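Open the model in your viewer and follow along, one selection at a time.

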Amino acid sequence: MAHDSYDDALIRRILREVKTIALVGASANEARPSWIVTKYLLDRDYDVIPVNPGLAGQTLLGKTVYGSLKDIPQPVDMVEIFRNSEAAGPITEEALSLTPLPKVIWMQLSVRNDEAAAKAEARGVTVIMNRCPKIEYGRLSGEIGWQGINSRILSAKKPVLSGKGFQKLTINRPGT
C-alpha cells in the first residue's frame, strides 16, 4: 500500500470498526499530545489502553497503564504508536507477536517506518502512518470545522451529535 495519502473511506472504516486501542507512548502530562488524544478517543467511546513502561500499574484517565503490549490481558483492534519512527519498528514487531493480531497499526504524526509497515501488511494488518486518529475523526465528523479548519469534506447533510455530554459530532452518520 502507498502511504503518502489515504482514502477517506479507509480512515472512516477503521475509525468505525476499531473499538479497542492500545496507545503506546501514553503520557500522564495533560499538556502532551498523547494525553490529549487518549482523552479525546475515550470521550468518543473507544476503549483506549495506555501503554508506557514508566507508568505501568498506574491509572491514566481511569484506565490501567500497561508496561508493554504483551501485558494487556485482552485483544486489541488497533495499536497506536506515539513514539518516534525508529521505535515504531520494535513496537510493530511486538504487535505482530500478539494473538490475535491487531487489525490496524497506526503511527502518529511524523512517525513513519516503511519496513515495519511492510512486515505488518505482509501479515494482513492495515497500517496508517503519519496521521492522527483524533484529527482524522474530527475532520471526518466535521468537528474540526468548528475551529475554522478546512476538513476537505463537503456535505449538505445535517451533522449528527453523539448524544451525550459535551457537544461533539460522530462519524456514524446514516448513509456514509
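Start with a cartoon view and trace the protein chain along its sequence. The pattern to follow is α-β-α-β-β-β-β-α-β-α-β-α. Count as you go: there are five helices and seven strands. Keep in mind that this is a predicted model.

Next, select the whole protein chain and show its surface. The accessible surface comes to about 9,000 Å². Color by element: carbon and sulfur atoms hold 52% of that area.

How much of the protein chain is buried? Of its 176 residues, 47% are buried.

Now pick out two helices. Select residues 85-95 for helix 3, then residues 114-122 for helix 4. Their axes come within 8 Å. They cross at roughly 15°. Angles under 35 degrees count as roughly parallel, so helix 3 is roughly parallel to helix 4. The crossing of the two helices is left-handed.

Which residues in helix 3 and helix 4 meet? Show side chains on both. From helix 3, select Ala88, Gly89, Thr92 and Glu93. From helix 4, select Ala116, Lys119 and Ala120. These two groups meet each other.

Finish by coloring this contact by residue class. Between helix 3 and helix 4 you will find three nonpolar, two polar and two charged residues. The alanines Ala88, Ala116 and Ala120 count as nonpolar. Glu93 and Lys119 count as charged.

How values were computed:
Residues numbered from 1 in each chain as written. Predicted model: local features only at pLDDT ≥ 70, side-chain atom pairs only at ≥ 80, totals over all residues. Heavy atoms only, no water. Helix = DSSP H or I, 4+ residues; strand = E, 2+ residues; numbered from the N terminus. Buried < 20%, exposed > 50% of the residue type's maximum accessible area, 1.4 Å probe, protein only. Areas by Shrake-Rupley, 256 points an atom, 1.4 Å probe, with all protein chains shown as cover. Axes fitted to C-alpha atoms, helices over the stretch in contact; angles between N-to-C directions. Parallel < 35°, antiparallel > 145°, perpendicular 65-115°, else oblique. Left-handed = near helix turned anticlockwise from the far one by under 90°. Contact = heavy atoms within 4.5 Å.
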